[in-house]
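Please look over the sequence and the model before reading on.

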Amino acid sequence: MDVSLVIVCHRSSRVLPGCVGSFRREAATAGVETEIIAVEHSEDPAELDRVRAAGVDRVLELPNRGYAAGLNAGARAATGEMLLLANPDISFFEGSLAALLDALGLGYDVVGPQFVWDEDGEVLLPAAEDPAPHAELVRAVRRRSPRAWLAGLPLSLDREWRLWTADGARDVACLRGALLAVTRETLDRFGPFDEGYFLYYEETEWLWRARRRGARLALVGTSRVQHRWGHATGQNNGEVGQEERSRRRFVERNYSPVWRRVLGSGGRHHRSPLKPIRLVQGGSPPEIENDLWLASPNPHLMPALGVVRSPSLPPDFVDFCRAWRWVVATASRPGGRWKIDRAWTWKPS
């Protein structure tokens, strides 16, 4: 089996060796032939030299026309029957590549890993949200209504729990685009990524298009991949504006006029019913028995990162949450129904 890893780079030479090295290790363990193609978008000769020195097989030096354009160019140049389309700020954990390839062999069209925040793989990133308009409406209502937020909590936590504790592939409505595994036949069948997106939502639209044409998507819980998200976009002051422009483009292209009016009707966003305990800036939440830790930049915990069955959060993750004054909470299932036990945030320094 031949596997091509396509990595789209923009000032990514600092993190690229970790991605390349971990992929080489996992490919050797899985016994597959590989190639690594880096699509270099930095338009900087010094950065180009660093990317070439990172251990990739081929470098495509291209003007920066966006992530989708980079994926398409890299996929066209790739020779493998299996394609991994990736950000450079990822690192493969033991067994992760083999698990992805096994899932493709089960009949799924597109699969992705369970992304984790930390090197120990304890802090799990949330699953990608369903982009269907009815699902977006449900999320909007829950953000606006504390009563709806509480009513939907058990179902949303059941979904995250099912994926965070999965011991194999689980059907999902969408996947995170930092790493997607597809066959060449699948990519050809559903067509290239839309290069009208410069950054954000390119994979959302491609997956939504594939799903509407019958594609099966799966998150593979036994494939863990660290994603140090935001290393490149964090250098761009226009990141938030770019994401919003991409979101508007996705909505305009994929939602009917009726759905656009419904979802664009606005309405005041309420805070969630949580009343977090405010910790002093150097403080940490106490150890507490629970089923889940949740952490989010949003007071309604939508979406949230999670830690499964641990009395405490990893110290480095606490430091991260404290620095950004995220909300953290514990959740449990007395009688089989999820509830939030306690929540914390931090006072301004």
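The following paragraphs describe confidence, strands, helices and cores in turn.

**Confidence in the model**

The structure is a predicted model. The mean pLDDT of the chain is 94, and 95% of its residues reach 70 or more. Over residues 230–235, however, the pLDDT is below 50. Beyond near neighbours in sequence, this stretch has 14 contacts in the model.

**Strands S1 and S2**

Strands S1 and S2 run parallel and are joined by 8 bridges. One of the pairings involves Cys-9, whose bridge partner in S2 is Glu-40.

Strand S1 spans residues 2–9 and contains Ser-4. Is Ser-4 buried or exposed? Ser-4 has a relative accessible area of 0% and is therefore buried. The side chain of Ser-4 makes a polar contact of 2.6 Å with the side chain of Glu-35. Leaving aside neighbours within four places in sequence, the residues in contact with Ser-4 include Glu-35, Ala-78, Gly-80 and Leu-84.

A contrasting case is Ala-28, which lies in helix H1 (residues 16–30). Because its relative accessibility is 62%, Ala-28 counts as exposed. Its C-alpha atom is separated by 29 Å from that of Ala-68, which is 40 residues away along the chain.

**The open sheet of five strands**

An open sheet of 5 strands has the order S10-S14-S13-S11-S12, and its pairing is mixed. Strands S10 and S12 stand at the edges with a single partner strand each, so one side of each has no neighbour in the sheet. From one strand to the next, the twist averages 25°. S10 runs parallel to S14, and 3 bridges join the two strands. Within this pair, Ile-277 stands opposite Trp-344 in S14.

| Helix | Strands contacted | Angle |
|---|---|---|
| H11 (residues 315–324) | S11, S12, S13 and S14 | about 65° with S14 |

**Helix H8**

Helix H8 comprises residues 202–212 and is mostly covered, with 8 of its 11 residues buried. Among the buried residues are Glu-202, Glu-203 and Glu-205, together with Trp-206 and Trp-208. After H8 comes Gly-214, whose phi is positive, near 100°.

**The nonpolar cores**

In soluble globular proteins, nonpolar side chains tend to be buried together. In this model, the largest nonpolar core has 53 residues. Which of these residues touch the most other members? They are Leu-84, Ile-90, Val-111, Leu-179 and Phe-317. Helix H4 (residues 96–105) gives the most to this core, namely 6 residues.

Apart from neighbours within four places in sequence, Phe-317 is in contact with Trp-117, Val-123, Ala-295, Leu-305 and Trp-326. There is also a second, separate core of 31 residues, which includes Ala-77, Ala-127, Ala-128 and Phe-193.

Definitions and conventions. Residues are numbered from 1 along each chain as its sequence is written. This is a predicted model: local features need pLDDT of at least 70, side-chain atom pairs count only at pLDDT 80 or more; totals for chains, interfaces and linings use all residues. Side-chain values use heavy atoms; hydrogens and water are left out. A nonpolar core is a set of buried Ala, Val, Leu, Ile, Met, Phe, Trp, Tyr and Cys residues joined through side-chain atoms within 4.5 Å. Buried means under 20% relative accessible area, exposed over 50%, partly exposed in between (1.4 Å probe, protein chains only). Helices (H or I, at least four residues) and strands (E, at least two) are DSSP runs, numbered from the N terminus. Contact means heavy atoms within 4.5 Å. pLDDT is the predictor's confidence in each residue, from 0 to 100. A polar contact is a pair of N or O atoms within 3.5 Å; within protein, one must be able to donate a hydrogen and the other to accept it, and residues adjacent in sequence count only if both atoms are side-chain atoms. Two strands pair if DSSP finds at least two bridges between them. Axes are lines fitted to C-alpha atoms, for helices over the stretch in contact, and angles run from 0 to 180 degrees between N-to-C directions.
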